[in-house]
Amino acid sequence: MAESMKGMHRSHRCGEVTEALIGSKVTLMGWVQKSRNKGGIIFVDLRDRSGIMQLIFENGSIDEAGFEKAGKLRSEFVIAVTGTVERRSGAVNENLKTGTMEVRVDYLRVLSESETPPFPVEENSKTKEEIRLKYRYLDLRRPDLQRNLMLRSQVATLTRKFMAEEGFLEIETPMLCKSTPEGARDYLVPSRVHPGSFYALPQSPQLFKQLLMCSGYDRYIQIARCFRDEDLRADRQPEFTQIDMELSFVDVDDVIDVNERLLAYLFKEALGVEVSLPIQRMTWQEAMDRFGSDKPDLRFGMELKNVSEAVKDFEFGVFQSALALKDGSVRGINAKGQGAMPRKKIDKLVEFAKGYGAKGLAYIAIQEDGTAKSSFAKFLKEGEMESLIAAMEGQPGDLLLFAADKNKIVWNVLGALRLHLAEELGLLDKNEFRFVWITEFPLLEWSDEENRFMAMHHPFTMPMEEDWDKIDSDPGSVRAKAYDIVLNGNEIGGGSVRIHQDDIQEKMFEVLGFTKEQAWDQFGFLLSAFKYGVPPHAGLAYGLDRLVMLMAKQDSIRDVIAFPKVKDASDLMCEAPSRVDEKQLQELGIRIAEEE
């Protein structure tokens, strides 16, 4: 029978009890982790968010009724106890910070009973994620998830503290705003008051934070909820959180400076990890050439090598076809020490590469005696194999892998293959944190689907002044004043200097294929504000979920979000999305089309 806690007040959380309290009375409250009845003595592990404390119930220290009640305790019962802190008489548990102590209970109150849970509440649960997410309120009791969410809370608190001391103002922006479908798909919200019209949930506060700069707020910060209707993956959710900021009267170096100091502060305070400043910078072009990715993982080598020059006279058709393409190249990676890899595994790598757009994957396996096995040896003349191995700095025991196609495909294939091999070979150390700034992104990227240039970041990104004269003749070569901060192969934040001059903004819209009317229809309120004196401004936004995921050494952002969605964007716990009453639809003027 559940009892009231009237008259009882918790004195400590379980993990807050220290040896300094030995001999003192404490009142603890929490969940029963497990109970062990040894006859005349009962041991109970009591759990709350701070940790576990062992309780001991023994006839003589607690009355008979209390001892009988203790014998009925089961997993996940909620209890309150008072007792005396003692040094453990039995074995010390070195895995617990309270492992040298126990509380001898003299009073027990059962606050709530529990049915047998559908899975054990324990660290590193092996229960299927679908079941755990259905009962997320139980899953969230797990100590490892609780540590993740406490870290997330700490990161948010530390961010607010640091930014306030740097002169940033925390300002909220609207959740119901205008749909501006340049980017991911919007989540739409129908308006009852304006039939046939819709709000959109914000994909980011981008336009509003630029308006705040126009309004003179100088330095803005917000821990902002954002929404994007796009396909999910391990580090993507339909609703997510940004640490969003904007600054006036600044350029690239100013934004990078404050953010480097923020990152150093967060990692030092939350993890005790020193971030060496300044953080390394690398241009987008260098990142693509060396790592095949604009979010390179620097924890290991295996860098790409461009061997186009070395193979230009080879008669091997695959290489020649690639070099004949505009922006075509032949590049390779050297998997050190993998020359003895079985053919079956190499064939799997070929299939993996095809999944990223490759037509195939050429390889040279250098044996320990220096001889080479190759998928294309029969197409090479005397000396060509040796010259190619030399260009790749190949040594006995190495495996050389080559892709030949347009640069975009070659980078994509080898960049993915590099990470795949690193994972297979155990080269990714989660205890190592390698940051890098990626700068000078292309302003535009060509979309075959849209048959036009698209903004690589967004339409308000400032081009680099020295490239602006090429906007008509060679728009694809114009670089942007954009920057991403990358950690261990994950983009954790990105931003840019914004356009604040009318003529550049109008030209940018023109290049992106907007008519003046379209630009004003979508972004009119911002363009109107730009008529009244705009300060130079720049900003950056972090994905808070992704940042905390890496800090917590997790593989999925679902493990650092209290109530996440699954792959099809549904919530298994509260069964959303769901059908709504016909009356609600009628009020909104919405009719659901019948499925054929």
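**A pocket and a helix pair**

Guide: Let's begin with the second largest pocket, which holds about 600 Å³ of space. Keep in mind that this is a predicted model.

Visitor: Which residues are closest to the centre of that pocket?
Guide: Those are Gly51, Ile52, Leu96, Glu123 and Pro143, out of 24 residues that line the second largest pocket.

Visitor: Which of them gives the most?
Guide: Helix 4 does, with four residues in the lining of the second largest pocket.

Visitor: How does the lining divide into nonpolar, polar and charged?
Guide: The lining of this pocket has 11 charged residues, eight polar and five nonpolar.

Visitor: Switching topic: at what angle do helix 5 and helix 14 cross?
Guide: At roughly 15°, with the axes of helix 5 (residues 206–214) and helix 14 (residues 516–529) coming within 10 Å. Angles under 35 degrees count as roughly parallel, so helix 5 and helix 14 are roughly parallel to each other.

Visitor: Is the crossing left-handed or right-handed?
Guide: Helix 5 passes helix 14 in a left-handed crossing.

Visitor: Which residues make the contact?
Guide: Helix 5 brings Leu207, Gln210, Leu211 and Cys214, while helix 14 brings Phe523, Phe525, Leu526 and Ala529.

Visitor: What about their classes?
Guide: Seven residues in the contact of helix 5 with helix 14 are nonpolar, one is polar and none is charged.

Note on methods:
Residues numbered from 1 in each chain as written. Predicted model: local features only at pLDDT ≥ 70, side-chain atom pairs only at ≥ 80, totals over all residues. Heavy atoms only, no water. Axes fitted to C-alpha atoms, helices over the stretch in contact; angles between N-to-C directions. Helix = DSSP H or I, 4+ residues; strand = E, 2+ residues; numbered from the N terminus. Parallel < 35°, antiparallel > 145°, perpendicular 65-115°, else oblique. Left-handed = near helix turned anticlockwise from the far one by under 90°. Contact = heavy atoms within 4.5 Å. Nonpolar A, V, L, I, M, F, W, Y, C, P; charged D, E, K, R; others polar. 1 Å grid on protein atoms, 1.4 Å probe; cavity = no way out; pocket = protein on both sides within 12 Å on 5 of 7 lines; lining within 4 Å. Points joined across faces, edges and corners; volume = space filled by probe spheres on them.
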